[in-house]
Amino acid sequence: MIPENEAGTLILALHRATHATLDALHARLADLNLGPSEINVLANLADGRARSIGQLAADTATKPTTLTSVLDRLVRRGYVARRLGPADRRSFLVSLTDAGRPVGDAARAAMGDLEHAVLATVTGAELAGFRAVTQTIVEVLR
């Protein structure tokens, strides 16, 4: 339990870490001229799996309405494609295009580089604790 005089410090620390991560990704990928939401989508799609809008929204922790505008930008740039889903012709599947694959791979690699640098400085127990706390935050705040 966090003492009363430290209330909010966990969330503030998470916020600082998120911004430090976004700043580092932006710097590493500056030549691609992508925003944080675009990097997030491309890195998620870099695994090669097509996703429904709903699944991609969940994977990126993005509201579907926000995701739609991000996808519109990425479609205009030729990085992603939306196609009708085979099981439900009212839904779309999103995937990287041939032009988007190297961009998605670059975003995923930049994340991997940052992760590797950070993980070199923490113990397995610290990493397990971090994962437990972040998972709990997602579960409780959804």
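Leaving aside its neighbours within four places in sequence, with which residues is Ile 39 in contact? Ile 39 is in contact with Leu 25, Leu 29, Leu 34, Ala 107 and Met 111, where contact means heavy atoms within 4.5 Å.

The legends below describe a predicted model, in which local features need pLDDT of at least 70, side-chain atom pairs count only at pLDDT 80 or more, and totals for chains, interfaces and linings use all residues. Residues are numbered from 1 along each chain as its sequence is written, and side-chain values use heavy atoms, with hydrogens and water left out.

**Figure 1. Overview of the protein.** The protein has six helices and three strands, assigned as DSSP runs (helices: H or I, at least four residues; strands: E, at least two) and numbered from the N terminus. Their order from the N terminus is α-α-β-α-α-β-β-α-α. Taken along the principal axes, the C-alpha atoms fill a box of roughly 50 × 30 × 25 Å. Of the 142 residues, 25% are buried; buried means under 20% relative accessible area, exposed over 50%, and partly exposed in between (1.4 Å probe, protein chains only). Among contacts with a separation of 6 or more, 53% are between residues 24 or more positions apart.

**Figure 2. Ile 39 and helix H2.** Ile 39 lies in helix H2, which spans residues 36–45. The relative accessible area of Ile 39 is 4%, so this residue is buried. H2 is mostly covered, with seven of its ten residues buried: Glu 38, Ile 39, Val 41, Leu 42, Ala 43, Asn 44 and Leu 45. Between the C-alpha atoms of Ile 39 and Val 75, which are 36 residues apart along the chain, the separation is 14 Å.

**Figure 3. The largest nonpolar core.** A nonpolar core is a set of buried Ala, Val, Leu, Ile, Met, Phe, Trp, Tyr and Cys residues joined through side-chain atoms within 4.5 Å. The largest one has 23 residues, of which Leu 34, Val 41, Leu 42, Leu 74 and Val 80 touch the most other members. At least two residues of this core come from each of H2, H3, H4, strand E3 (92–96) and helix H5 (100–119). H2 gives the most, with five residues. Apart from neighbours within four places in sequence, Val 41 is in contact with Leu 56, Thr 60, Leu 67, Val 70, Leu 71 and Leu 74. In soluble globular proteins, nonpolar side chains tend to be buried together.

**Figure 4. Arg 51 in strand E1.** Arg 51 lies in strand E1, residues 51–52. With a relative accessible area of 3%, Arg 51 counts as buried. Its side chain makes a polar contact of 2.6 Å with the side chain of Asp 47, and another of 2.6 Å joins the side chains of Arg 51 and Asp 59. A polar contact is a pair of N or O atoms within 3.5 Å; within protein, one must be able to donate a hydrogen and the other to accept it, and residues adjacent in sequence count only if both atoms are side-chain atoms. Not counting residues up to four places away in sequence, Arg 51 touches Asn 44, Leu 45, Leu 56, Asp 59, Phe 92, Leu 93 and Val 94.

**Figure 5. The loop between H3 and H4.** Thr 62 is placed in the loop between helix H3 (53–60) and helix H4 (64–76). Thr 62 is buried because its relative accessibility is 17%. The side chains of Thr 62 and Thr 60 are joined by a polar contact of 2.9 Å. Beyond its neighbours within four places in sequence, Thr 62 is in contact with Asn 40, Ala 57 and Leu 67. Ala 61 lies in the loop between H3 and H4 and is exposed, with a relative accessible area of 71%. Although Ala 61 is not a glycine, it has a positive phi of about 55 degrees.

**Figure 6. Asn 33 in the loop between H1 and H2.** Asn 33 is found in the loop between H1 and H2. At 61% relative accessibility, this residue counts as exposed. The phi of Asn 33 is near 55 degrees, a positive value in a residue other than glycine. Most residues other than glycine have a negative phi.
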